[in-house]
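Biologist: I have the model open and a few things to ask. Can we go through it piece by piece?

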Amino acid sequence: MPHGHPPQRKIALLIAALAPAAAMAGNCDSNGQIFYVGNTVGQGRSVWLSATSAGEFSVEAQGTERDRWSRSNAGAHLTLSDVVSPGNGGTHKLYGTDGNKSCQLDSQNQKGGLTVPPNWRPPARPPVAPTPPIAVLPPEGIKPTLPTRPTPPIGVLPPEGVTPGLPVRPTPPIAVLPPDGITPSVPVRPTPPIGVLPPEGVTPSRPSRPAPPIGVLPPEGVTPSLPVRPAPPIAVLPPDGVTPTLPSRPAPPLGVLPPDGITPSVPVRPTPPIAVLPPEGLQPERPPAQHLDQGMPLVMTLPCHGQASTQIDASAQRLDPCSAPEQQTSTQVPLTPGRDLLEDSLWNSWADARALRTKDQRSGFESSSRSGTLTFGVDRQVHSGLAIGIMASALDAESRRYSGSVTQESSGFSVGPYLSQRISEHWSLFGSMGLGYQRDDHQVVSLSGEANVRLFSASLNAQGQHALSEESFLRPRIGLSYQHTKTDSFMLAGQILGQSVSVGLDAQQSESWSAESSFEINREIRRGKDQLYVPFAEFGARYTKQWPSSASSNVLQSDYAEWLGFIRLGGRVSLGARTQIELNASYQSIGVSKLDSWEAGLFLSHAF
């Protein structure tokens, strides 16, 4: 590009840039609009895109016709012109040439390229945070090694070929060896004298003690018996044939028996009177529970139908401990969307799937788009009024314009943290931010290219809850969101009129703000102990403003701002105490003519 020419604008998301209202000449039979795409590599030619209805058309520059064509239906056409301006000149004009007459439809100079908002729309529930740099890469071809701790010196090595031995402690001297050939004997202790041996052949006998006299034996054949003790007398036997019985204690008198035929019953304690029964056929009503004044301390212990007694605190304002307390609906605002109908838990996980379809005829040329997002998140309740979590989103989107002449397919993801704080019983704040990546595949008639987009988003929402009745609630919401996109430079390449063409598009940035306000009316319908149905209707409005952040950028649609209204209908249901499901559908383009946008959503959460 020659010096002084402003940076070319890329087609980051070409689809929306081609959407402004088409220029309509008063007496022209056709309509159309012309856009400057960019210059070819080498700056030899300029490329222009004309979006027109059916008919015959031409493009002129510097008083000379540069291109002519005809269409049987609405669509887009590319023109390759040899007029290249070093500045903001190089004006090209689009003409309708039906009926042998020329009618100017639009004109445009070379003041930049096509710029459009990206397909990405931040998810309604928690979005994502930038990834810190990992490290500085080494120069190419150099692979750093892991640092190690320095090794302390071991010692001085001996000269080469000499292997030192391990030092040993000196051995103390054992003794002085005797002269050679003399072996000293081991000294022994002297043997004490044993005694004087008797003369040979004489064996002395062992002296023994004299045996004491055993006794005088009785005469032969007489064996004396052992003496025994005389047996004491046992008793005097009774006369023969008489057997005495054992004496027994006299039995005390048992009582006087009742007359024959009468059996006395066991005496029982008298039963105290329970109550006076009502007349037959009448059912008494239960007296109403009594209530205590606030602040009156009372702890009482009452039996409960034969079970263990239970302590009842007066703060519960109930005097009947035997009846199960009714589950009352709390007016407290939920901490996060996933904790709406569930019991209080430390952790909560959720998934949110959304599908959006749009049909746009505001430019005079019908276009359509569809997008889908799938978001997962998990959070932990730090205390009763604060939860911190992380979420990840995936995007898939497609848009088509001018009978499919201009298309864009996008896919991406976003990751980041979120935080929710209950600031009062009726209001909570929810904030999130995210960092993401998106790839856009562009097709502009016969040119195609791929762009890489980096995304940053942040949002802050306030939600309230106020009781309209015991079962109906009002939920007001106010939200702000911000998104910054940065698209890297890329190329559109293909053929125009049989010539190979490459158009370079510079990097660009864009920003958008959105403010939203709505209110929801819902009603709780309880079925059983753990099942709750909550149908709801939500009404709201959204204001969006979008503009480029670069001063040198030149777009067809700058300072874009639009108001629109929406209505959402749906229902939530709790499946037990730990699982919740929500289904909803919404119309997102109330008050905007020739724009129809529908969205459907499925939300699932589980507490653990």
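Biologist: Is the disulfide of Cys 28 and Cys 103 left-handed or right-handed, and why?
Modeller: The torsion about the S-S bond of Cys 28 and Cys 103 is about -65°, so this disulfide is left-handed. This is a predicted model: local features need pLDDT of at least 70, side-chain atom pairs count only at pLDDT 80 or more, and totals for chains, interfaces and linings use all residues. Residues are numbered from 1 along each chain as its sequence is written, and side-chain values use heavy atoms, with hydrogens and water left out.

Biologist: How many disulfides does a search of the whole structure find?
Modeller: One, where a disulfide is a pair of cysteine sulfur atoms within 2.5 Å. Cys 28 and Cys 103 have an S to S distance of 1.3 Å.

Biologist: Where are Cys 28 and Cys 103 in the chain?
Modeller: Cys 28 is in the loop between helix H1 (14-17) and strand E1 (32-39), and Cys 103 is in strand E7 (residues 103-108), 75 residues apart. Helices (H or I, at least four residues) and strands (E, at least two) are DSSP runs, numbered from the N terminus.

Biologist: Is Cys 28 buried or exposed?
Modeller: Cys 28 is buried at 14% relative accessibility; buried means under 20% relative accessible area, exposed over 50%, partly exposed in between (1.4 Å probe, protein chains only). Cys 103 is also buried, at 14%.

Biologist: Switching to Gln 110, where is that?
Modeller: Gln 110 lies in the loop between E7 and strand E8 (299-304). Gln 110 is buried, with 0% relative accessibility.

Biologist: And Ile 390, which strand?
Modeller: Strand E12 (residues 386-401) holds Ile 390, which is partly exposed at 46% relative accessible area.
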